Amino acid sequence: MNDGFKYRAPTSRAELFGLLAAHGEGAKILAGGTDLLVDIRSGLVRPELVINLKKVEDFPELVWSQSQGLIIGPATTVNDVLHDPKVRDCYPLLAECALSIASHQLRNRATVIGNIVHASPGADMAPGLLCLGARVQIASQRGRRELFLKDFFTGVKRTVLGHDEIVESITVPAGTARSRGSYRKLKRIDGHDLSLVGVALTNTDGDVRVGIGSAAPTPLLIEGLTDQDPADAVVAAARAAIRPISDLRCSKEYREYMIEVFVRRLLEEVR
Amino acid sequence: MSESTLPPAAAHVGDDVQRVDDAAKLTGGAMYASDLVFAGMLYAQVKKSPHARAKILAINTSKAKNLPGVHAVLTGKELDYRIGLYVVDKDVLAKDVVRHFGEAVAAVAAESLDIACRAVDLIDVEYEVLPPVLNQLDALDENSPLVHPDLGSYDYVKASFSPQPGTNIPNLTKIRKGDIDAGFAEAKWIVEREYTNPSVQHVPLETHVAIVEWKAGDEVTIWSSAQSPFTLRDLFCRAFKLPHNKVRVVIPHVGGAFGGKAGIHLEPLLACLSRKAGGRPVKFQATREEEFSLLPCRSALTYKIKTGVGADGRITAQKLLMYWDSGAYADYAVNVTRASAYSAGGPYDIPNAWVDAYTIYTNKPWGTAYRGFGHVEFFWGLERHMELVAEVIGMDPLEFRKKNLLKPGSTTLTGERINEHTGNPLKCLEAAASAINYGRLTPEEQERQARTGRRIGKGIATLHKAPAMPSFTSTAAVIKMNSDGSVVVNIALTEIGQGTATVVTQMAADRLRFPVSRVKVAVERDTDKDPFDWQTVASKGLLLTGNAVIAACDDLLRQAYLDAAQVLRAQTVDLDHDGEKIFVKQRPEESVTFAALSIGYVYPNGNGIGGPLIGLGRYTAQGLTSLDKETGQGLPALDWTYGAHGVIAEVDPETGEYTVIKIASAFDVGKVINPGTMRGQCIGGMIQGLGTAECESYIYDDQGHLLNPSLTDNKILTAKDLPEEIECIAVETPQLDGPFGARGVGEHPMISVAPALANAIHDATGAELTHMPVRSEDVWRAIHNRLPVDTWVTKAPAV
Amino acid sequence: MWMSVEVNGHIYEREVTEHWTLLRFLREDLELTGTKDGCSAGECGACTVMLNGQAVNACMVLAAEADGATVETIEAEAVDGELSEIQAAFARNYAVQCGYCTAGMVMSVRELLEHNPKPTVAEIKEGIEGNLCRCTGYQQIIEAVLDVSGQIDSKSRGGLKYV
């Protein structure tokens, strides 16, 4: 049960960073809220302060440019990405990942960065963003830093983010725009569900990359493959990378099997 | 009213009439128990056991009691009341031991929900954790721990149930028909297999909620989301030894129930909290998570079926062993066991049958009524088994079923003789099979199969069910005329979404020959104001309440005719009526309006005669008997509703993933009262049936902790999960004692959907599926681990 | 926290409990109980309302986040006692049973039709995917949306077949 946290809605980055620095671990960022409010209700997190960052006026928004590629801001919702004409044109894979998340009204609130920062092994935006070479821009009172998304996750619901830091943007390079590729998600029903496994695979000018969710403590990226590699080699690379478990949603064996099937089918599509 | 003035052909029955509760529900104006707030109301919260089986060593409530805003704190030790529907085995709060994960061990009432939540967090419970018994077959082992060591001392309904003291068996129901040994000796083939399904949740969108006020002088009022106000009152009064006229139960709109809100649940605990808090009303609504384990579920079942078949494909004998997992309390599970036992063979003619149906206690959340009342569970096995037997004997599954269907002259397992008015299972089966082009793929389907690489298969399954209820189940209706000639109908059958208010409106309107706009069924149910009804369960409401409403209309008309005869200086046989007035048949201009008679007729000089027109109707199930405890013989069935499903499924043979292309279902409802609401009941049940078939299941760890008490991990179907095509078909073989010839269909659409689906998947891939739900992973495993049918054949003709 | 929010055309100024969701604020503070609580976890959609013109789960929004916002709930759907076109189509097509999901369902349909006046069946299913209904099996709701968007007439004899 959620009892007793305070709420703040800073309007500037400086104010936000000040609050984060002052409250440390006791503060939680509220963007879409669709993970945070669930975690608070279940008692998984018990913040003393919840900071809504949607009122901050000097944050990046969803924009695309030939020079910088796609920039996704902290308040960019999953539906913003899903319905953005430029995304659909240049990164249809991201739209596909976005559509696979929850329901329409959830996607109206859930943010892309929130999906990544929550760092669930099955985060649906992760496999696509990993394949497309996304980078993460991190900011705090101490300054800014940037890293590849593949280096962002450190474990189940764990990332490199410090308590005073936020992800200010995720960028997707223009170089991977119009990569061929798709996302396959194994679910328990056709309606909204978490991924039992999720596989994205892209072919960018012959360079094949595979992003896999729900197959290890973090979303995985498999690089260094080409569209000339035999399917068995791509499957072998995926198999070497994954470490699936059996849980109430799915068995380890079926996860392994379905990842292999998805990799083969996706590879077939992009050759 | 005389015989000659029986109403003409129905004007509303059978026709499109919009639901009468639409406007309230569509505008947010309909008030549910969860919406109610009263002055001085307190909020309850419950401390729940994290263990499946444990001794309660100590409960420290002092911190909770000292929290400002807390008005009552209770533990089991303070309460000496036991509740139970058929076997009185449940304490209001756990005493000394906990018997399942999520069981209530302490409770608080506080001024706000937030304070109540903080207060239960402050209660410390010390447990000694004990090894639980989790599987019902393990619980039969003589070395198994006993969930209820005191079973032998519990009160129970002796006419219907047989607890076995010293065991984990609160009931064993036996059916014996014919000579089972001779039947198997006569058989050319004997086929034996076991089928299983887990516990599942009802998932009404409105979780259980109640508000109880227990004022000084033992004046108790209960507002609840319950299905059955009078049974709730009865069980409540028995537990607290209160007279019925001290306890009032009010049921406003109910946000779905499906059996889970039958009986009694939270009300006794809230009553005790209210009494302790000085009589303030106390409200509790279960969270979605609590709905899974603080409240009951549907029982798991292991069904062992042994079938003997003769050379001609006729079933010669069937031995049916049912092991029902009751969970920690007997509740409805003992009656699910009983009702399933007498239906266990399905709508088939089985000359020699043996049924042993056990209800078995385990350390899990307890099982209760759920739409289908056991039939969804056992038909899973039965209709998979019919498919297997057909395959073994080399007969088409449709032909095999048709050959063995009940027909006029057949007898049921309990010896009831079927006649031409009982209903027509053959017509249902043929309609469902025909709607899916059973037995072949159309050119379009062949093309689709070639295009997608997915395999298309078709499956059918039959079903039947009779209401599971006491042999003497009764109900009543009161119809009161207002001074403008409109009427209000009072019944205690609750409107839980099924459309009762609408079809009762139609039936009353037709019987009175009034437009539906002049008939209103009162919205709330109130045991102080409404006439008795047993329960809103079992698909019995339409028949019993329908007949009572018709009788009430006739009673009202009889009184109106008597008054009119006086006014018009005629005899009642001289009179007829239309929607507005009663008139002299020969000279219709001589008439008196219903409005003028409604509250007493007034002559021009001011003299009054007659009085308020109030009709009373009652109806009791006719001719039913208790079942013999040793043989199960007797007459338990008010009516049988037959049905059948046809399913077309498309399966990815590589991954086991599948989709349902079409489901077509036919039910013999006797007479369709309202096509739109009937189709709504059918589709709703069919999709709920697909949910139970495809994905729904309680999942426990080996210590009995429930792992998926949420909609995140206990998925129910969404709009995206619908089959591409859904077809509902009505068969109308009139039920001679049904209102307008009708019989109930509330539960039936959910029954046998699962085996129809699995039969289609089997047709497409050969996957032998014996456990439901059928997840894609299960199909994948079954495809890649195919066993020969000989595996299950224990007798076959020499080759 | 002191906040100001426009709900169904009325400005409410209130001290709001900071950890309360918009759902609790609507139901318990404003007593607008038409919006239902089915899970409090963003799974069932019974609490769907319009927040600044977008359908959201009111259980997944903090009340404080609605400071300065515009909220519309089911109570604003019928005007002067007249059902809206969506509501009337639901009634014609038997799209209501217990009614507990109905408010959220109507909100989602409204959002869908505002962006897509003639949705396909697949688009309707996508649009109401987040609204669980345990009674109807969804089919008659889908038919109501096809009806209100002018794509089918409501069915005679409820769409039931007879043999």
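Modeller: One definition before we start: an axis here is a line fitted to C-alpha atoms, for a helix over the stretch in contact, and angles run from 0 to 180 degrees between N-to-C directions. Also, this is a predicted model.

Colleague: Fine. Which helix lies across β19, β20 and β28 of chain B?

Modeller: That is α14(B), residues 541-568, and its direction is at about 145° to β28(B).

Colleague: What lies across β19, β20 and β21 of chain B?

Modeller: Helix α13 of chain B, residues 500-512. Its angle to β21(B) is about 145°.

Colleague: In what order do the strands of that sheet come?

Modeller: The order is β21-β20-β19-β28 in chain B, an open sheet of four strands with mixed pairing. β21 (519-521) and β28 (614-620) of chain B have a single partner strand each, so one side of each lacks a neighbour in the sheet; those two are the edges. On average, neighbouring strands are turned by 20° against each other, ignoring direction.

Colleague: How do β19 and β28 of chain B run, parallel or antiparallel?

Modeller: Antiparallel, with seven bridges between β28(B) and β19(B), the latter being residues 474-481. If you want a residue pair to look at, B:Leu616 in β28(B) is opposite B:Val478.

Colleague: Switching to the other strands. What does β10 of chain B pair with over nine bridges?

Modeller: With β15(B), residues 300-309, in the antiparallel sense; β10(B) itself covers residues 189-197. B:Val309 in β15(B) faces B:Trp189.

Colleague: And which strand pairs with β10(B) over two bridges?

Modeller: β32(B), residues 793-795, again antiparallel. There, B:Val793 in β32(B) is opposite B:Val191.

Colleague: Stepping back, how many helices and strands are there in chain B?

Modeller: Chain B has 18 helices and 32 strands. Its radius of gyration is 28 Å, close to the 28 Å from the globule rule for 799 residues, so chain B is as compact as a globular protein of that length. The box its C-alpha atoms fill, along the principal axes, is roughly 95 × 70 × 55 Å.

Colleague: What domains does the assignment give for chain B?

Modeller: Domain 1 is 3-30 + 473-620, domain 2 is 33-132 + 208-285, and domain 3 is 300-469 + 625-795.

Colleague: How many residues does the contact take from domain 2 and from domain 3 of chain B?

Modeller: It takes 19 residues from domain 2 of chain B and 21 residues from domain 3 of chain B. On the domain 2 side, eight are nonpolar, six polar and five charged. The centres of those two domains, over C-alpha atoms, are 37 Å apart.

Colleague: Now chain A. What is its secondary structure?

Modeller: Ten helices and 14 strands. A compact globule of 271 residues would have a radius of gyration near 18 Å, and chain A agrees at 18 Å. Along the principal axes, its C-alpha trace spans about 55 × 45 × 30 Å.

Colleague: How many residues go into the contact between chain B and chain A?

Modeller: 19 residues from chain B and 15 residues from chain A. On the chain B side, α3 (113-121) and α18 (776-784) are the elements that give two or more residues. The largest share, three residues, is from α3(B). By class, that side has six nonpolar, three polar and ten charged residues.

Colleague: Which strand of chain B pairs with β6(C)?

Modeller: β31(B), residues 725-731, in the parallel sense over two bridges. C:Tyr162 in β6(C) is the bridge partner of B:Ala730.

Colleague: What pLDDT does chain C average?

Modeller: 97, and 100% of its residues score at least 70. For the complex, the predictor gives an ipTM of 0.98 and a pTM of 0.98.

Key: Residues numbered from 1 in each chain as written. Chains lettered and ligands numbered in written order. Predicted model: local features only at pLDDT ≥ 70, side-chain atom pairs only at ≥ 80, totals over all residues. Contact = placed C-beta atoms within 7 Å. Nonpolar A, V, L, I, M, F, W, Y, C, P; charged D, E, K, R; others polar. Domains from an automatic or database assignment. pLDDT = per-residue confidence, 0-100. Pairing = 2+ DSSP bridges. Rg over C-alpha atoms; globule rule 2.2 N^0.38 Å.
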